[in-house]
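Student: I would like to learn how to read a protein model. Could we go through one together?

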Amino acid sequence: MKKGKVTVIGAGHVGATTAHWAAIEGLGDIVLMDVLEGIPQGKALDQSQFRSIHGISCDITGTNDYRDTRDSDVIIITAGIARKPGMSRDDLLATNVKIVKDVTEKALEQSPDAYVVVVTNPIDAMVYTSFKASNLPKNRIVGMAGVLDSARYRSFLADAIGVSPKDVNAIVMGIHGDYMLPLARLANVAGVPVTELLSKDEIDAIIKRTQGGGAEIIGHLKTGSAYYTPAAAAVEMAKSIMFDEKRVLPCACYLEGEFDISGYFLGVPAVLGANGVEKILKFNLTKEEKELLKQSVEKVKEQVASVNKVLGW
Ligand code: APR
């Protein structure tokens with residue numbers, strides 16, 4: 001069987017951690033690509049030396065040349081600037097939109113059959129940028145957001161209830177930002193509704209903390225934003241595509257009528273397999289949930305308008 005190949009664009013905190021995690025998960029050969037000379041080479045060389053310890057046989061290489069990314073199965077885009085204290089994800093848009101357009105075009109020139117996972121923030125706008133820049137069919141491009149937000153939500157719920165995060169099932173839909181929608185109604189611990197285990201006030205506090213989960217970490221780090229769980233989330237998505245796992249993962253998908261939304265990327269539960277986004281799992285939202293999702297859509301519309309303005313689309 002042909003060995004898989006994953007290119008991670010951006011060898012910063014998120015990108016390097018994604019490459020590390022992808023190698024450990026056995027996704028195939030890993031190429032780390034960045035504009036900075038030496039950084040991807042040095043980090044890839046360092047990572048290639050843990051292969052004997054972890055028992056991994058893949059190649060891990062670093063480059064500044066897109067030709068080395070040729071024939072990748074999955075391209076994970078993390079290139080761009082990260083948030084600092086006081087910045088919103090929207091503040092990154094004007095800079096990152098140009099970077100994401102550029103790296104999408106260059107990467108797909110070398111790997112026209114690849115699936116693309118966009119991690120750069122603001123994710124819902126950057127995945128739209130990559131989609132428009134690439135002209136890829138909607139099943140081949142997806143944004144990482146819901147897996148990270150749901151991981152945060154599940155972690156906070158687990159700690160509050162005193163159970164393993166592994167047994168907490170919960171989904172966060174909508175935009176990756178303040179208007180994300182952590183659904184309490186569907187959250188459960190091994191099937192037991194969390195609404196039976198925690199008070200409304202406790203759940204509301206956890207929802208608020210999830211919505212501000214990225215900012216909480218920036219508040220500690222001061223010089224950058226989260227990267228361990230964003231990287232793990234991106235790899236979980238890439239793995240489901242490369243190994244045709246058909247995992248149901250909340251991701252930013254291009255919607256054409258699902259949840260009454262059309263023409264935008266937004267976080268929804270999706271089946272990820274060998275054909276990328278194979279299906280979106282639709283279900284009925286309550287009136288209140290629909291209202292909250294509408295706020296997410298309005299915010300994404302604003303971001304997309306800014307993207308179109310910056311790029312003259
Ligand atoms: N091509 C390739 N790499 C680029 C380009 C480009 N055109 N422009 C910038 N980069 C690289 C930078 O050189 C840097 O190494 O992207 C990397 C970004 O790394 P960090 O500054 O460490 O940022 P990081 O924490 O990794 O976040 C990257 O992911 O989660 C999101 O919000 C986060 O948008 C941010 C992105």
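Student: Which residues point one way from β2, and which the other way?

Tutor: Before that, a word on what you see: this is a predicted model, where local features need pLDDT of at least 70, side-chain atom pairs count only at pLDDT 80 or more, and totals for chains, interfaces and linings use all residues. Residues are numbered from 1 along each chain as its sequence is written, and side-chain values use heavy atoms, with hydrogens and water left out. Helices (H or I, at least four residues) and strands (E, at least two) are DSSP runs, numbered from the N terminus. Now to β2: D29, V31 and M33 point one way, while I30 and L32 point the other way, and all are buried. Buried means under 20% relative accessible area, exposed over 50%, and partly exposed in between (1.4 Å probe, protein chains only). Because five of the five residues of β2 are buried, this strand is largely enclosed by the rest of the structure.

Student: How do strands pair?

Tutor: Strands of a sheet pair through backbone hydrogen bonds, either parallel or antiparallel. Here, two strands count as paired if DSSP finds at least two bridges between them. Strand β1 (residues 5-9) runs parallel to β2 and is joined to it by five bridges; K5 has D29 as its bridge partner. With β3 (residues 60-63), β2 pairs in the parallel sense over four bridges, and there I30 has I60 as its partner.

Student: Which strands form the open sheet with antiparallel pairing?

Tutor: That sheet has three strands in the order β7-β10-β11. Its edge strands, each pairing on one side only, are β7 (168-169) and β11 (192-193). Two bridges join β10 (residues 188-189) to β11, and V189 stands opposite V192.

Student: Is V35 buried or exposed?

Tutor: V35 counts as exposed because its relative accessibility is 74%. You can find V35 in the loop between β2 (29-33) and α2 (39-48).

Student: What about disulfides? How many are there?

Tutor: A disulfide is a covalent bond between the sulfur atoms of two cysteines. The rule used here asks for a pair of cysteine sulfur atoms within 2.5 Å, and by this rule the count is zero. Take C251: the closest cysteine sulfur, in C253, is 4.9 Å from its own sulfur, too far for a bond. C251 is buried, with a relative accessible area of 0%. C58 also counts as buried, at 6% relative accessibility.
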